[in-house]
Amino acid sequence: MPELPEVEIICRGIAGHVVNQQIVKVVIRNNKLRWPIWTNLAKNLSQQTIKVINRRAKYILVTCTHGTLIIHLGMTGKLRVVASNTLATKHDHIDFLLSNGNVLRYTDPRRFGSIHWTTKMPREHKLLLHLGVEPLTIKFSGAYLFDRTREKNVNIKSLLMDQAIVVGIGNIYANEALFHAGIRPTRPAKTISLSEYTVLVKQVKFILKKAINKGGTTIKDFVNAEGKPGYFVQELMVYGRIGRFCYQCNTALQNIRLNQRSTVFCPVCQR
DNA sequence: ACGCTCTCCTGGCCGC
DNA sequence: TGCGGCCAGGAGAGCG
């Protein structure tokens, strides 16, 4: 489940292999992603050159000569660079054949991901228009969260995962950040103080940066552009540790569902 | 506007 | 070995 660190790793990983390369051909084997891929995408992209790879929220932005590809990996999406003779398997839905002989390959078993094409500024695209602040920028601060939540009854974990407030945080890092901040996931957002939000923001930034440095979190199948896993899973304090004990106080971790998402916390360390 | 639930999808795992 | 049921969850759609 790629969140900000995993998407960032993918972007960095593919950039060196695809930037300044011409797209020779696009092969779409299955256009049924979350939304159908634009019918003319293959024809339109052919002969364009990839200029820049960027990330906004969990979207990968591939800026080409005459527009931008907006790629979301959903739950199980992968974007890898492979040699052109690498055989496509069942869930390899799209290949971008490049002038250097490599293939930028999109793979997605569950097909929760999406690919859009825009000729406008990507930020004006409807999927990106209402996104919140980037968590690794100065705009994401304790004061920002405090100000945005004075009327919010929603629990803090759902708020952290609300992409209209702050982007890039999914279930894994929301669980982890709340543990590190000592805040219980069920707390209504409006009951959290400015000083608590300041700690939470600091922990979110710390965890996201650390996860990027470890190459992301591989729970089941995340791999980077070269097909290698990440190692942040070894740092997880609560996510995936249902039925086990808190590393800090040895209390049994509690497992609940918030907004249909598995939520794990320490009832002693998190208040 | 807000907050909740439903929905899309496949692979892996469990129990029988 | 097969089959049904459940779970994983990003995020838009729809509803009260």
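Trainee: Which atom of DNA strand B is 3.1 Å from an N or O atom in arginine 110's side chain?
Mentor: A base oxygen of DNA strand B, which is a polar contact (a pair of N or O atoms within 3.5 Å). This is a predicted model, where local features need pLDDT of at least 70 and side-chain atom pairs pLDDT 80 or more, while totals for chains, interfaces and linings use all residues. Residues are numbered from 1 along each chain as written, chains are lettered from A and ligands numbered from 1 in written order, and side-chain values use heavy atoms, without hydrogens or water.

Trainee: How much of the DNA side is sugar or phosphate?
Mentor: Of the DNA strand B atoms within 4 Å of the protein, 55% are sugar or phosphate, and the rest belong to bases.

Trainee: Switching to the open sheet, what is its strand order?
Mentor: The order is S1-S6-S7-S5, with antiparallel pairing (strands are DSSP E runs of at least two residues, numbered from the N terminus; a pair needs at least two bridges). S1 (23-28) and S5 (78-83) are at the edges with a single partner strand each, so one side of each lacks a neighbour in the sheet.

Trainee: How many bridges join S5 to S7?
Mentor: Six, with S7 covering residues 102-107, and valine 82 stands opposite valine 103 there.

Trainee: What about the S9 and S10 hairpin?
Mentor: S9 (254-258) and S10 (261-265) pair antiparallel over five bridges, leucine 258 faces arginine 261 across the pairing, and asparagine 259 takes a positive phi near 50°.

Key:
Helix = DSSP H or I, 4+ residues; strand = E, 2+ residues; numbered from the N terminus. Near = heavy atom within 4 Å. Polar contact = N/O pair within 3.5 Å; in protein donor to acceptor, adjacent residues only side chain to side chain.
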